[in-house]
Amino acid sequence: QTRLLALAAFMAATSALATPSGLNNIPTTDTVPHRTVAVQAFSSFGGPNQFGANGPGQHSFWMGFKTGWEFSPLHLEWGLDSPLGPGLTGPLLFQTKVGFSPWEDGSLALGIAGVALTDIDRSGDPFSYLMLAHDFHFARLHAGYGYQTNGCSFLTGIDRTWKVFDRDLNLNADLVQSRDQRGLITAVGAKYALSKHIVLETWTNFPD
């Protein structure tokens with residue numbers, strides 16, 4: 001994973017959860033590197049979605065951070081973020097995950113996201129997940145399962161990184177279940193390292 005001190009993102013949709021390292025709508029086994037802080041500023045826009053009229057389908061601005069720590073052979077990540085408006089503001093959300101590599105080119109992570117630190121404007125229960133990933137070198141494949149009250153979901157994804165103008169360009173796609181396993185959301189996205197410390201990220205959701 002690219003070592004980042006800052007992360008800027010502009011998205012067509014975002015999750016109502018604290019933001020663990022991941023693809024578009026799924027967490028991954030990736031964690032922020034040891035003693036590194038990733039600062040995030042991102043915006044979302046679009047119509048109402050499965051989170052409801054007051055969910056992230058409306059335009060909103062978010063700020064947050066996450067950091068990583070190595071306790072060999074374990075990799076720890078934790079972070080905080082919150083919507084700041086112009087509509088929904090708060091609550092402050094916490095996320096954490098722990099990962100390790102049980103085999104060559106493979107990794108596993110267990111985490112929880114969306115833990116509201118206050119009851120003000122709380123939207124939904126926390127989201128717990130288990131993710132597996134394997135790098136087949138032509139692409140990385142991701143698969144896992146997330147548990148949430150009225151929001152359980154199988155999680156799958158694929159991504160690959162190329163060098164473009166000596167900077168990393170990551171193209172990715174993922175598929176998640178929505179509406180308590182009654183629907184599907186496909187998403188495609190891209191991440192481009194504008195500099196050593198700044199990454200531009202964008203994605204679009206295609207709900208069924």
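Colleague: Where is P73 placed?

Modeller: P73 sits in the loop between β3 (60–71) and β4 (74–83). Strands here are DSSP runs (E, at least two residues), numbered from the N terminus. This is a predicted model, where local features need pLDDT of at least 70, side-chain atom pairs count only at pLDDT 80 or more, and totals for chains, interfaces and linings use all residues. Residues are numbered from 1 along each chain as its sequence is written, and side-chain values use heavy atoms, with hydrogens and water left out.

Colleague: Is the peptide bond from S72 to P73 cis or trans?

Modeller: The bond is cis, with omega near 10°. Most peptide bonds are trans.

Colleague: Other topic. How many bridges join β9 to β10?

Modeller: Ten, between β9 (residues 153–164) and β10 (residues 167–178), which run antiparallel. Two strands pair if DSSP finds at least two bridges between them. L155 is opposite V176 in β10.

Colleague: And what is in the turn of that hairpin?

Modeller: Two residues separate β9 and β10, and F165 in the turn has a positive phi of about 55°. D166, in the loop between β9 and β10, has a positive phi of about 65° although it is not a glycine.

Colleague: Is D166 buried or exposed?

Modeller: D166 is exposed, at 69% relative accessibility. Exposed means over 50% relative accessible area, buried under 20%, and partly exposed in between (1.4 Å probe, protein chains only).

Colleague: What about N150, which phi does it have?

Modeller: N150 has a positive phi of about 60°. N150 lies in the loop between β8 (140–147) and β9.

Technical notes
Helices (H or I, at least four residues) and strands (E, at least two) are DSSP runs, numbered from the N terminus.
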